[in-house]
Amino acid sequence: MDLFPYLKSLVDMDRSAVVLCEIGHKIIYMNPAAVRRYAKSGGNALLGKSLLDCHHAISREKIQKTVRWFQKDRNHNIMYTFYNEKENKDVYMVALRDEDGELIGYYEKHEYRNAETATPYHGIDEVSAYE
């Protein structure tokens, strides 16, 4: 079974920005939320560019060190990077590995601390379970 369409949809439907980079820091994919979030910086035009060019010197150094840390041990797969007080979220760098456990890239993960405000199952009563 080809999981690619399911996995792509999973990332595309995420409300948080997801920017995938290969280990050389080239941006290879941005989900729709990332394209919108980084529109002022170029949006889709960032594809193929270096993520390092989007950060200041201290951040670039930390990104590079984290990738080296990921490469050092296959058990090194997630790094807490900072808390964004303005958006009330924790930010992590996450390793991407192939089937053999080799590092192939990374992405930044945003975990918001805000409680959900939507009503549970809002609109579901408008749909029949037997249609």
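Take arginine 15: is that residue buried or exposed?

Reply: Arginine 15 is exposed, with a relative accessible area of 68%. Here, buried means under 20% relative accessible area, exposed means over 50%, and partly exposed is in between, using a 1.4 Å probe and protein chains only. Before we go on, remember that this is a predicted model, in which local features need pLDDT of at least 70 and side-chain atom pairs count only at pLDDT 80 or more, while totals for chains, interfaces and linings use all residues. Residues are numbered from 1 along each chain as its sequence is written, and side-chain values use heavy atoms, with hydrogens and water left out.

So where does arginine 15 sit? You'll find arginine 15 in the loop between H1 and E1. Those labels are for DSSP runs counted from the N terminus: helices (H or I, at least four residues) and strands (E, at least two). The protein chain has 3 helices and 5 strands, in the order α-β-β-α-α-β-β-β from the N terminus on. Its C-alpha atoms fill a box of roughly 55 × 40 × 30 Å along the principal axes, and 27% of its 131 residues are buried.

Let's look at the helix on one side of that loop. H1 covers residues 4-12 and includes tyrosine 6. Tyrosine 6 counts as exposed too, because its relative accessibility is 53%.

Two strands count as paired if DSSP finds at least two bridges between them. For cysteine 21, the bridge partner in E2 is isoleucine 27. E1 and E2 make a hairpin with 4 residues between them, and histidine 25 in the turn has a positive phi of about 80°.

E1 has another partner as well: 3 bridges join E1 to strand E5 (residues 103-112), again antiparallel. Find glutamate 22, and you'll see that its bridge partner in E5 is glycine 105. E5 also runs antiparallel to strand E4 (residues 89-97), with 9 bridges joining them. Lysine 89 has tyrosine 112 as its bridge partner in E5. E4 and E5 form a hairpin too, with 5 residues between them, and here glycine 101 in the turn has a positive phi of about 85°.

Now compare our arginine with another one. Arginine 15 and arginine 74 are 59 residues apart in sequence and 29 Å apart in space, C-alpha to C-alpha. Arginine 74 is partly exposed, at 46% relative accessible area. Arginine 74 forms a salt bridge with glutamate 102, and their closest N and O atoms are 2.2 Å apart. Arginine 74 lies in the loop between H3 and strand E3 (78-84), and glutamate 102 in the loop between E4 and E5, so this pair ties together parts that are 28 residues apart in sequence. A salt bridge is a side-chain nitrogen of Lys or Arg within 4 Å of a carboxyl oxygen of Asp or Glu. Glutamate 102 is partly exposed as well, at 39% relative accessibility.

The structure holds 8 salt bridges. In one of them, the side chains of glutamate 111 and lysine 109 meet at 3.8 Å, N to O. Another joins glutamate 87 and lysine 89 at 3.4 Å, N to O.

H3 has 16 residues and reaches 23 Å from its first C-alpha to its last, close to the 22 Å expected at 1.5 Å a residue. That expected span is 1.5 Å times one less than the number of residues. The buried residues of H3 are Ile63, Thr66, Val67 and Phe70. Seen down the axis of H3, they fall within an arc of 100°, so they line one face of the helix. The arc is taken from the directions from the helix axis to the C-beta atoms. Turned away from that buried side, the other face carries the exposed residues Ile58 and Lys72.
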